Each structure stands twice: as structure tokens, then as C-alpha cells.
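I opened this entry to record what I looked up, one topic at a time. The structure comes first, my notes after it.

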There are 2 protein chains.
Amino acid sequence: MTPSDPADKDVLARVATATNLREGAEGVATFLRAVKREGPAALNQIARAARLPVPVASALRRELETEGLLTRRGGVGLSEAGGRFVAETLGLGDALAPHCEACGGTGLAGPDARLVDRLSALLANAPKVDVTLDQAPCTAATALRRALLMLETGALEGRRILVLGDDDSVSLALCLVAEAAGLPPLPAPITVLEVDADWAAYLEAAAGEIGADLRVIRHDLREPLPADLRQAFDVIETDPPYTLEGARLFLARAAQALVPDTGTLGFLSFGAQAPAWQARLLAAVAEAGFAVTGLYPGFNRYQGAGLLGSTGQMLTLAGTGAADRPAGEDQTEAETSTPDAEARYAGPLYTFDVNPRARRYRCAGCGVVHSLGEDGVPATIEALKAGGCPACGATLFKRQSGDRG
Amino acid sequence: MTPSDPADKDVLARVATATNLREGAEGVATFLRAVKREGPAALNQIARAARLPVPVASALRRELETEGLLTRRGGVGLSEAGGRFVAETLGLGDALAPHCEACGGTGLAGPDARLVDRLSALLANAPKVDVTLDQAPCTAATALRRALLMLETGALEGRRILVLGDDDSVSLALCLVAEAAGLPPLPAPITVLEVDADWAAYLEAAAGEIGADLRVIRHDLREPLPADLRQAFDVIETDPPYTLEGARLFLARAAQALVPDTGTLGFLSFGAQAPAWQARLLAAVAEAGFAVTGLYPGFNRYQGAGLLGSTGQMLTLAGTGAADRPAGEDQTEAETSTPDAEARYAGPLYTFDVNPRARRYRCAGCGVVHSLGEDGVPATIEALKAGGCPACGATLFKRQSGDRG
């Protein structure tokens with residue numbers, strides 16, 4: 001195929017359409033900017049820089065190769081035509097990104113290597129992740145950076161802290177940081193609500209190992225919050241399933257756990273979102289009674305890359321305090337989808353519930369597309385591989401491109 | 001007065017009530033945490049660390065001195081009782097804040113000293129600020145940091161950029177950064193809408209001095225956007241009056257100036273807000289069709305400190321693109337206060353319009369309280385001082401404590 005005309009900006013819209021990209025033509029430009037700055041480089045690195053999930057980045061690469069703008073020499077790189085396109089049509093220069101090298105752009109120093117080593121040793125004993133629960137542990141450095149952010153913003157010292165779901169081991173990171181910082185004892189043990197029995201047992205064992213006072217409660221957040229946990233905390237931390245329903249449910253339970261004063265604090269991690277989806281996430285945050293006070297786009301990194309996005313955003317929240325609304329302000333009318341505080345939530349929650357398309361795999365042997373968890377197909381790709389393709393027995397599968405959890 | 005009982009957490013609520021603090025008891029704790037970390041230190045420094053306006057911090061200091069928790073030895077510092085209180089009741093340790101020293105917590109390297117010097121030389125020729133227009137220029141370093149953030153997020157190279165109101169000289173900072181980064185020419189000159197004739201003339205002269213291609217248009221944003229500026233830009237930057245009305249009006253005009261695609265970019269600077277007010281600001285952002293993609297609480301610093309707050313937040317925005325909403329999502333119903341795109345906006349706009357209390361001064365001679373701009377009192381404190389107290393002729397005035405713009 002002939003390389004695209006460098007003056008032809010339509011290629012951006014064409015590629016966006018071909019890959020069904022939520023970010024639109026602008027997202028394609030962002031991807032090319034990342035290649036210009038980082039490339040030639042591995043696809044993972046480009047995906048992280050562009051804040052796109054790896055499968056989406058992979059689909060973009062294929063289309064842009066077809067358009068003649070990218071080559072595979074030494075990783076993902078610009079072709080000659082691609083170089084002309086980004087210079088002449090996108091107007092990109094050779095400027096280095098003015099990212100702070102010392103902190104990787106997070107604005108936070110550390111975590112120091114000794115802490116990373118200690119937490120990594122604990123993480124080594126974590127159970128295998130259960131992808132049907134959207135478990136996707138962050139790196140040790142990320143868990144510690146969250147704990148440092150909480151220390152920095154006054155959310156650790158003297159606080160009663162609740163962690164809602166902790167496949168990220170943030171509770172352990174908080175204990176390590178509190179110890180390293182020589183803090184006085186907290187007014188209450190850090191409390192973790194965790195649905196997964198294996199994970200809860202691991203957290204308890206790890207806390208015992210470092211002599212930390214951790215309270216781990218097995219609890220499914222679809223169930224109403226236990227009475228003794230209501231209005232009992234100053235600070236919440238959560239990295240919920242990356243569905244709008246997940247954010248709504250976890251934040252609704254979190255709001256119930258906090259004392260009703262203004263100025264309670266929240267820490268919400270979530271996958272990078274295209275603008276219109278980001279707007280919905282922020283609306284859910286506001287509905288739950290929180291104001292966003294900080295938002296750090298590339299704050300979180302996860303073990304492995306993949307389905308749920310290679311980096312994720314961190315939002316710091318402040319409870320607005322029902323009694324403290326500005327005069328004349330009506331309470332925002334809750335959407336009907338807001339979880340009921342007193343009832344079990346029975347709606348969709350995990351990626352798999354919300355978007356079954358995100359779990360479609362094509363068999364490399366016979367080409368049949370299987371939807372995990374449907375029509376007798378196992379619920380996880382690991383189980384599908386172990387059992388082989390139900391149609392032909394092959395064990396190699398390819399995730400359907402462009403899908404996103 | 002007897003020092004407060006260190007175990008008595010009620011002192012926080014008492015001081016919050018006495019100072020009418022929007023942030024509530026939690027805001028008092030934040031202030032004490034700042035004193036613990038930074039003190040003894042000048043009030044300005046404590047105010048910046050606590051993200052509170054200086055007059056508010058001043059009122060807090062007075063009350064906390066009365067409570068026996070603060071002393072004035074060497075600036076604002078904890079008394080012995082205060083030290084016990086923050087350790088025993090608030091549970092604060094001696095941990096240093098894990099702030100990145102290299103970038104001051106912004107995550108951005110630079111700006112380098114040569115650029116700061118060049119911009120400072122231009123700023124030296126800026127006209128006197130007009131406080132009735134809420135003019136409050138940021139520092140040269142802040143203006144450059146905004147330009148670097150725009151470069152970093154792909155909002156400078158190859159972009160058509162509109163600056164709505166530019167008492168911060170961000171347009172000049174963008175020109176300097178583009179030159180320093182060796183960027184190819186932009187597709188259109190950076191365009192500035194500025195209501196103040198003197199300021200517009202200064203920006204034009206400064207651009208001429210550095211040989212930059214700047215288009216400065218005198219325009220009052222209360223008026224509808226000129227037709228040739230509609231749907232003509234990829235990126236907007238603004239630091240509007242710090243009233244909800246100011247944010248709404250400037251963002252409504254900004255949304256009109258942007259092309260209607262998803263992924264257009266916005267940069268909004270605004271004063272630090274208490275949680276419930278922050279929630280209203282974010283609702284205004286969403287209403288205007290933007291999703292917040294980054295929020296950096298202490299990003300902006302201003303020349304002088306004072307009325308409008310010592311530091312300010314930077315919000316990065318992405319246009320959600322009307323055509324790109326998730327399926328089933330209705331357009332948010334606009335509040336009646338949303339400015340009409342085709343009509344002149346005739347409502348309150350500047351701090352002075354919205355909150356006349358923010359401009360009340362007590363004469364040190366006779367004790368009479370004057371409201372600037374009312375009953376024949378001049379509109380600015382400078383003019384009031386120059387003419388003397390209308391009642392007794394004295395020229396020393398004290399701003400009413402706890403007021404906030």
C-alpha cells in the first residue's frame with residue numbers, strides 16, 4: 001500500500017474508525033506523539049506513554065503500519081513517511097518531554113529501594129490473581145507511592161483508614177510507610193474489606209510477618225456495609241473494578257464508612273478513560289458525595305500490563321459533608337443506578353458482567369470466537385487454554401482486537 | 001487563657017466556627033499539620049502549605065493563639081501545648097513530607113533559569129493590575145510551568161491555541177517555550193482575548209520584543225464570542241475570575257471556541273476551594289462539556305499573596321465531544337445560570353460582584369467599616385487609602401478577617 005500523503009490529516013480519523021477508538025482522531029495523534037517521543041520502543045512502553053491499554057495500542061500499530069506511517073524496525077517506530085507526517089501535519093518538534101526525572105512526573109519522592117524490597121518480599125506470597133474479580137495488582141512501587149501520597153496529604157497520621165478491596169496490598173504499604181516514618185500508633189488498625197478468602201488470608205499473614213496491626217474482614221461489597229463500619233473512618237482507599245458500576249458501588253459503600261464531616265479523604269485508583277467515559281466516572285464520584293481535589297493521570301502501574309490498561313489514574317477526594325453544602329445548593333438528584341445503602345447490590349459489577357465482549361478470544365486453530373463464561377466456555381482465559389478449544393482442541397487463542405474492559 | 005486540653009479534639013470545631021472556616025474542623029487540622037511540618041515559619045509559607053488564603057490563615061492563627069496552641073516565636077509555631085496536641089490528639093509524627101524536591105511536587109522539570117529571566121524581563125513592563133477585574137498575575141515560573149505542561153500533554157506543538165484573559169502572560173510563556181524547544185511554526189498564531197486595553201497593548205509590545213507571532217484581540221468575555229473564533233481552536237487556556245460565575249462564563253466561551261471533536265484540550269487555573277465549593281466548580285466544568293483529566297492542587301503561584309489565595313490548582317481538561325457520548329447517556333441538563341452563547345452575559349462575574357463582603361475594610365482611625373465601591377467609597381483599597389477614610393480621613397485600613405473572595 002502507498003504511504004499516506006503526509007499532508008492528509010484524514011488518516012487520523014480513518015485509523016480511529018478502523019480501530020473503533022474511543023479517543024477518536026485525537027487519540028491516534030496522541031499515539032503518534034508517543035511514538036515520536038519514545039520510539040523506536042516496545043509496544044508496552046508506547047502504550048504506557050499514550051495511556052492506552054496494550055490491546056488498543058496493538059490495534060493502532062497495525063492500522064498505522066497499513067497506512068505506511070509506522071515500521072517495526074527496533075520496536076514501534078515512525079517510517080520515513082510517518083516522520084514527515086508528525087513533523088509537517090501534526091507539527092511535532094524534537095523537544096524532550098519536560099517530565100521530572102527525579103519522581104517520574106508524580107511529584108512524590110521515593111519510595112526508597114529498601115521499602116520496595118520489603119513489600120516485594122511480601123507480594124511474592126500473594127495468591128494467584130482471580131481475573132473474574134478484576135484482580136490486577138499494582139506494582140510494589142505503586143502501592144508504596146499511594147501510601148506516601150496519603151502521608152503527604154495528611155491521610156495517614158492519626159487517621160482511621162478503610163481499604164475497600166485490596167488486591168493492591170496498599171494496606172501493607174501503609175503499615176510499612178507508617179513504620180518507616182516513625183509515626184505514633186494509629187487511633188485504629190487499618191481495616192481491609194476483601195471478598196477473596198485467599199487474598200484475605202495472605203494479607204493477614206503478611207501483616208503478621210511485619211508485626212503490623214491490620215484488621216482484615218471478608219466481605220462482598222455487593223452486600224450492605226456492616227453496621228459497626230458505618231461512619232467509623234476518616235479516610236478510604238480503593239481501586240474498584242474498572243466499570244462505572246464498580247466505581248459507583250465501591251464509592252457508595254465508602255461514603256457510608258466515612259464520618260459525615262466535611263474534609264474526609266478518599267483515594268480512588270481507576271484505569272485511564274477516553275474523555276466521555278472520564279466524564280461519567282467523575283459524575284459518579286460527585287454523586288457519591290466527593291469532590292476531586294487532585295488527579296494524577298499516570299500515577300499507577302500494574303504488575304503485567306494488558307487488559308485493564310498499562311497505567312492508571314489516581315484521584316484524591318474530599319467528602320463534601322452533607323451539612324456543608326453552599327447555600328441554595330440542592331442535593332444532586334441520585335440516579336436510579338446509585339446502589340442502595342441498605343440492600344444487596346445485584347446488578348453487573350465486574351468487567352466481565354458489564355462488557356462480555358472484553359472476554360472474547362479467537363482460537364488460532366479453527367478461528368472460532370469463544371466468549372469466556374458463556375455457552376460452557378470456561379470463565380478465564382487460563383482455564384480455556386488448559387482445557388483447549390471446545391471446537392478443535394487447540395490451545396492458542398488471540399484476544400479480539402480493540403476490545404477494552 | 002488556659003491552654004486547651006491536648007486530648008480535646010473539640011478545639012478544632014471551636015476554631016472552625018470562630019473563623020467561619022469553609023473547610024470545617026478538618027481545615028483547622030490541616031493548618032496545624034502545616035505548622036508542624038513547616039513551622040516555625042512566616043504566615044505566608046504556612047498558608048501556602050495548607051492551601052489557604054493568607055487572610056484566612058491569619059484568622060486561624062489568631063484563634064489558635066487564643067487557644068494556646070500556637071506561639072509567635074520565630075514566625076508561626078506550635079506552643080508546648082500545641083506540640084502535645086498535634087502528637088497526641090492528631091497523631092502526627094515527625095515524618096518529612098515525601099514531596100519531590102526536584103520539581104516541587106509538580107512532576108514537571110524546569111523551567112530553566114534562562115527562560116524565567118527572559119519572561120521576568122517582559123513582565124517588568126506589565127501595567128498595574130486592576131483588582132476590580134480580579135487581575136492577579138502568576139509568577140514567571142508558574143506561567144512557564146503552564147506552558148511546559150501544555151508542551152508535555154501535546155497541547156502546544158501543531159495546535160491552534162486560544163488564551164481567554166491573560167493577566168498571567170501565559171501567551172508569552174508559550175512563545176518562549178516554543179522557541180526554546182525549537183518547535184516548527186504553529187498552524188495559527190496563539191490568540192489572546194483580553195478585556196483590558198493596557199494589558200492587551202503590553203502583551204502585543206512584549207510579543208514584538210521577542211519576535212513572536214501573537215494575535216491579541218480586545219474583547220469582553222461577557223459578550224458572545226466573535227464568529228471567526230468559533231470552532232477555530234484545538235486548545236484553550238484560562239485563569240478566570242475566581243467565582244463560580246466566572247468559571248461558567250469563561251468555560252462556556254471556551255467550549256464555543258473549540259472544534260467540536262473529542263479530545264480538544266483545556267487548561268483551567270483556579271483558586272483552592274473547600275470541598276463543597278470544589279464540587280460546584282467541577283460541576284461547572286462538566287456542564288461546559290469538559291472532563292477533568294488531571295488536577296494539580298498547588299501548581300500555580302501568584303505575584304504577591306493575598307486575597308485570592310497563595311497557591312492555586314491547575315486542571316487539565318478534555319472536550320468530551322457532543323457526538324461522542326456513551327450510548328444511553330443524556331446530555332446533562334444545563335442549569336439556568338449557564339451563560340447563553342448568543343447573548344451578552346449581564347450577571348455577576350468578578351469577586352466584587354459576587355461577594356461584596358470580600359471588599360470590606362475597617363478604618364484603623366475611627367473603626368467605621370467601608371465596603372469598596374458602595375455608598376461613594378472608592379472601588380479599590382488603593383484608591384480608598386489615597387483619598388483617606390470618608391469618615392475621619394485616616395489612611396490605615398484593615399481587611400475584615402475571615403472574608404474570602
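**Overview**

I began with chain A, which has 13 helices and 12 strands. Helices (H or I, at least four residues) and strands (E, at least two) are DSSP runs, numbered from the N terminus. The model is predicted, so local features need pLDDT of at least 70 and side-chain atom pairs count only at pLDDT 80 or more, while totals for chains, interfaces and linings use all residues; side-chain values use heavy atoms, with hydrogens and water left out. Residues are numbered from 1 along each chain as its sequence is written, and chains are lettered from A and ligands numbered from 1 in the order in which they are written.

I looked up burial next. Of the 405 residues of chain A, 55% count as buried. Buried means under 20% relative accessible area, exposed means over 50%, and partly exposed is in between (1.4 Å probe, protein chains only). Then I turned to contacts, meaning heavy atoms within 4.5 Å. Among the contacts in chain A with a separation of 6 or more, 72% are between residues 24 or more positions apart.

**The two chains**

How is chain B superposed on chain A? A rotation of 180° does it, with 0.0 Å of shift along the axis and an RMSD of 0.0 Å. This is the relation of a two-fold axis. The superposition is by least squares on the C-alpha atoms of residues with pLDDT of at least 70 in both copies. I also checked the interface. The copies meet through the same surface, because 100% of the interface residues of chain B are also interface residues in chain A.

**The cores**

I looked for nonpolar cores. Such a core is a set of buried Ala, Val, Leu, Ile, Met, Phe, Trp, Tyr and Cys residues joined through side-chain atoms within 4.5 Å. The largest one has 98 residues. Those with the most contacts inside it are A:Leu119, A:Leu172, A:Leu214, B:Leu119, B:Leu172 and B:Leu214. A second, separate core has 53 residues, including A:Phe250, B:Leu193, B:Leu315 and B:Tyr345.

I followed A:Leu172 further. Leaving aside neighbours within four places in sequence, A:Leu172 is in contact with residues including A:Leu119, A:Tyr202, A:Ile210 and A:Leu214.

**Strand 3 of chain B**

I took strand 3 of chain B, residues 161-164. B:Ile161 and B:Val163 are buried on one side, and B:Leu162 and B:Leu164 are buried on the other.

Which strands pair with it? Strands pair if DSSP finds at least two bridges between them. Strand 6 (residues 235-238) of chain B runs parallel to strand 3 and is joined to it by four bridges. Here B:Leu164 has B:Thr238 as its bridge partner. Strand 4 (residues 190-194) of chain B also pairs with strand 3 in the parallel sense, over three bridges. On that side, B:Leu164 stands opposite B:Leu193. From strand 3 the chain crosses through helix 8 (residues 170-180) to strand 4 of chain B, in a right-handed β-α-β crossover. Right-handed means that, with the strands pointing away from the viewer, the path from the first strand over the helix to the second runs clockwise.

**Helix 7 of chain A**

I checked how enclosed this helix is. In helix 7 of chain A, 12 of the 13 residues are buried, so the helix is largely enclosed by the rest of the structure. Among the buried ones are A:Arg145, A:Arg146 and A:Glu152. Just after the helix, A:Gly154 takes a positive phi of about 75°.

**A loop proline**

A:Pro127 lies in the loop between helix 6 (113-123) and helix 7 (140-152) of chain A. Is this proline buried or partly exposed? At 21% relative accessibility, A:Pro127 counts as partly exposed. Not counting residues up to four places away in sequence, A:Pro127 touches A:Asp198, A:Trp199 and A:Tyr202. Its C-alpha atom is separated by 9.9 Å from that of A:Asp196, 69 residues apart along the chain.

I noted a cis peptide bond between A:Gly39 and A:Pro40, with omega about -5°. A:Pro40 is in the loop between helix 2 (24-38) and helix 3 (43-50) of chain A. In chain B, the bond from B:Gly39 to B:Pro40 is cis, with omega near -5°.

A:Ser169 is not a glycine, yet has a positive phi of about 55°. A:Ser169 counts as buried, at 0% relative accessibility. B:Asn20 is not a glycine either and has a positive phi of about 55°. B:Asn20 is exposed, with a relative accessible area of 62%.
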